[in-house]
Amino acid sequence: MEIVGGREAGADGDQPLPAPAYHDEEATMIYPMFALVLLTFFVGIRLGSCRFANARSGRVDGRYYRLMRGDTPPDGELKLARNFSNLFEAPVLFYVFGAIVIAKNLTAPLPLALAWSYVALRAVHTAIHLGRNHPVHRFLAFLASCIVLLAMWGWLALVL
């Protein structure tokens, strides 16, 4: 096939093939996904540094971290550990949703707004969990995030 203007020519030989159809809005779903990844790393790094500080200061016997038994870490560490674990539970469905939207080129304003809402609610949940940790407030943030996640999957079911 002949090269015209740095690209292969079309079937008629004189017209270059069109550039792949790619628009910035097709990739915008990656941004809320990336934001949730950043939140996960933020909590994970805080957890690691908290564990290191607790072992170094003697508040927790360093051997505890081998199998996570034999000692009781401080509440602050337990909250971080639980929140970090939470960020690998329901958010997996969020990441799968985002990957499907990107792969199928389904980015639209509604799923994008729902994705950002989900990330915001997960951030609120984390702030509550690592802050005053009021169970009712934390549950309401979790429940709202689950409702948004369900709405995301409902929308996906309708458009596929």
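Residues are numbered from 1 along each chain as its sequence is written, and side-chain values use heavy atoms, with hydrogens and water left out. Because the model is predicted, local features need pLDDT of at least 70 and side-chain atom pairs count only at pLDDT 80 or more, while totals for chains, interfaces and linings use all residues.

**View 1. A nonpolar surface patch that includes Leu140**. Leu140 belongs to helix α6, residues 135–159, and with 47% relative accessibility it counts as partly exposed.

**View 2. His125 and its contacts**. His125 lies in helix α5, which spans residues 109–130, and it counts as buried because its relative accessibility is 4% (buried means under 20% relative accessible area, exposed over 50%, and partly exposed in between, with a 1.4 Å probe and protein chains only). Leaving aside residues up to four places away in sequence, His125 touches Asn83, Asn86, Arg138, Ala141 and Phe142, where contact means heavy atoms within 4.5 Å.

**View 3. Met68, a residue with positive phi**. Although Met68 is not a glycine, its phi is positive, at about 60°. Met68 sits in the loop between α2 (64–67) and α3 (75–86), and its relative accessible area of 37% makes it partly exposed.

**View 4. Asn105, in the loop between α4 and α5**. Asn105 counts as partly exposed, at 42% relative accessibility.

Methods
Patches are made of residues with over 30% relative accessible area and no salt bridge: like charges are joined within 9 Å, nonpolar side chains (Val, Leu, Ile, Met, Phe, Trp, Tyr) within 5 Å. Accessible areas come from the Shrake-Rupley method with a 1.4 Å probe; for residues, only the protein chains shown count as cover. A salt bridge is a side-chain nitrogen of Lys or Arg within 4 Å of a carboxyl oxygen of Asp or Glu. Helices (H or I, at least four residues) and strands (E, at least two) are DSSP runs, numbered from the N terminus.
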